[in-house]
Amino acid sequence: MKNKTTSSLIAAALLMATSAVGPGFLTQTTVFTESLGASFGFVILTSILIDIGVQLNIWRVIAASKRRAQDIANMVLPGLGIFLSVLIIFGGLAFNIGNIAGAGLGLEALFGIDIKTGSIISSLIAVTVFANRQAGKAMDLFTQVLGFMMILAIFYIATVSHPPLGEAALRTVAPLKIDFMAIITLVGGTVGGYITFAGGHRLIDAGISGAENLPKVNKSAVMGISVVAFIRIFLFLGSLGIISQGLPINNNNPTGSVFELAAGSFGFKLFGLVIFAAAVTSIIGSAYTSVSFIKSFSPKISKNENWLIIIFIMISMFTFIAIGKPVNLLIIAGAINGIILPISLSVILVASYNSNIVGAYKQPFWLTFIGISIVIIMSFMSIKILSDLF
């Protein structure tokens with residue numbers, strides 16, 4: 001039983017992490033490293049601190065209430081859960097279109113396959129996971145294996161690109177410039193929209209909930225963010241190493257050019273493997289979590305969950321084929337999810353003080369303070385980004 005619980009905690013953490021570490025994550029990291037240089041380290045540090053505050057607030061309330069986020073929202077205000085579900089599914093769809101685009105880029109780099117053809121193949125691979133009778137176990141194993149491959153590959157690129165570690169460390173605490181768009185995009189791409197709920201809902205499905213399990217939930221939440229932070233930092237260092245040498249980055253495929261400049265043709269193939277693994281695991285995480293936001297509304301939906309996940313993936317695929325423009329999609333998707341975050345976190349913070357929802361659980365004041373601060377900061381940055389766009 002203990003081994004099963006540990007496995008579920010790891011699976012929830014990695015589902016959250018691999019959902020976050022998609023092609024948008026890779027592209028954003030390279031694009032912002034190119035524009036901010038070593039000062040991007042400050043953006044990463046800020047986003048990690050925000051990420052931890054968001055994860056702990058949301059996962060703890062989900063666990064204490066033994067309910068999914070949409071059901072919690074409906075108890076806060078009737079109909080709010082439906083509204084939240086619409087937001088999450090919209091953001092998840094935007095993110096998933098970018099994921100499918102990234103998977104196509106990955107197979108193009110690996111095998112020279114056309115991006116749209118590669119996106120179809122990748123979507124079908126994701127579909128087979130949910131066509132499996134034991135979809136939960138298949139999803140957990142698939143994300144763990146591909147996640148481990150990504151970590152090894154990115155660590156290798158960070159090593160061979162010889163980044164200026166001293167400059168990176170200095171500018172992480174003393175940046176030369178701060179970019180709000182970069183912060184909101186990173187936070188949105190890491191814990192925005194559906195992503196922050198991925199692990200929490202997975203723990204509910206695994207039967208790990210209740211106040212007695214909160215220490216385990218804390219551990220799983222922090223583990224997920226730690227994996228994301230590790231990958232983000234080493235990808236940043238790999239990109240910074242190339243940029244600091246004055247080598248040109250291909251704006252049509254920024255992360256791919258970093259890998260190629262760092263390790264030649266082998267590096268480019270490695271990029272193909274990394275972005276394919278990141279994309280397919282994110283397709284799985286996005287589809288699973290988005291559908292989890294409507295599964296409690298009807299027994300029929302819950303019974304046909306896997307089929308709805310497959311339909312969600314196919315809609316994402318056909319939308320990408322119709323739209324194209326993968327790099328633009330990957331940046332926009334993170335920003336959309338970042339704008340959704342203050343709304344969803346506000347709902348959870350209100351719920352955390354409703355005894356009808358969380359029972360005898362008492363939310364620590366310091367965690368509430370952090371949550372409220374994040375809502376204010378992310379709302380301010382969201383308003384600024386929207387005003388700049390329109």
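This is a predicted model: local features need pLDDT of at least 70, side-chain atom pairs count only at pLDDT 80 or more; totals for chains, interfaces and linings use all residues.
Q: Which conventions apply to the numbering and to the model?
A: Residues are numbered from 1 along each chain as its sequence is written.

Q: How many helices and strands does the chain have?
A: Helices (H or I, at least four residues) and strands (E, at least two) are DSSP runs, numbered from the N terminus. The chain has 17 helices and 0 strands. Its radius of gyration is 20 Å, close to the 21 Å that the globule rule gives for 390 residues, so the chain is as compact as a globular protein of that length. The radius is taken over C-alpha atoms, and the globule rule is 2.2 Å times the number of residues to the power 0.38. Along the principal axes, the C-alpha atoms fill a box of roughly 60 × 50 × 45 Å.

Q: What share of the residues in the chain is buried?
A: Buried means under 20% relative accessible area, exposed over 50%, and partly exposed in between (1.4 Å probe, protein chains only). Of the 390 residues in the chain, 58% are buried. Accessible areas come from the Shrake-Rupley method with a 1.4 Å probe, and for residues only the protein chains shown count as cover. The accessible surface of the chain comes to about 15300 Å², and 69% of that belongs to carbon and sulfur atoms.

Q: What share of the contacts joins residues at least 24 apart?
A: Contact means heavy atoms within 4.5 Å. Among contacts between residues at least 6 apart in sequence, 84% join residues at least 24 apart. Ser8 lies in helix H1 (residues 2-20) and is buried at a relative accessible area of 15%. Not counting residues up to four places away in sequence, Ser8 touches Leu203, Ala206 and Ile208. Ala17 is also placed in helix H1, and it counts as buried at 2% relative accessibility. Leaving aside neighbours within four places in sequence, Ala17 is in contact with Gly224, Val227 and Val228. Ala17 and Ser226 are 209 residues apart in sequence and 8.5 Å apart in space, C-alpha to C-alpha.

Q: Is helix H10 mostly covered or mostly uncovered?
A: Helix H10 (residues 195-205) is mostly covered, with 10 of its 11 residues buried. Among these are Phe197, His201, Arg202 and Leu203. Just after H10, Gly207 takes a positive phi of about 80 degrees.

Q: How many salt bridges does a search of the whole structure find?
A: A salt bridge is a side-chain nitrogen of Lys or Arg within 4 Å of a carboxyl oxygen of Asp or Glu. The search finds 4 of them. In one, Asp205 pairs with Arg68, their closest N and O atoms being 2.4 Å apart. Asp205 lies in helix H10 and Arg68 in the loop between helix H3 (40-65) and helix H4 (69-76), so the pair ties together parts that are 137 residues apart in sequence. Asp205 is partly exposed at 29% relative accessible area, whereas Arg68 counts as buried at 14%.

Q: Which residues do salt bridges that share partners join into one network?
A: One part is the pair Glu305 and Lys295, whose closest N and O atoms are 2.9 Å apart. Glu305 is in helix H14 (residues 305-323), and Lys295 is in the loop between helix H12 (254-292) and helix H13 (299-303), 10 residues apart. Glu305 is buried at 12% relative accessible area, and Lys295 counts as buried at 10%. Salt bridges that share partners join Arg68, Asp205, Lys295 and Glu305 into one network.

Note on methods: Side-chain values use heavy atoms; hydrogens and water are left out.
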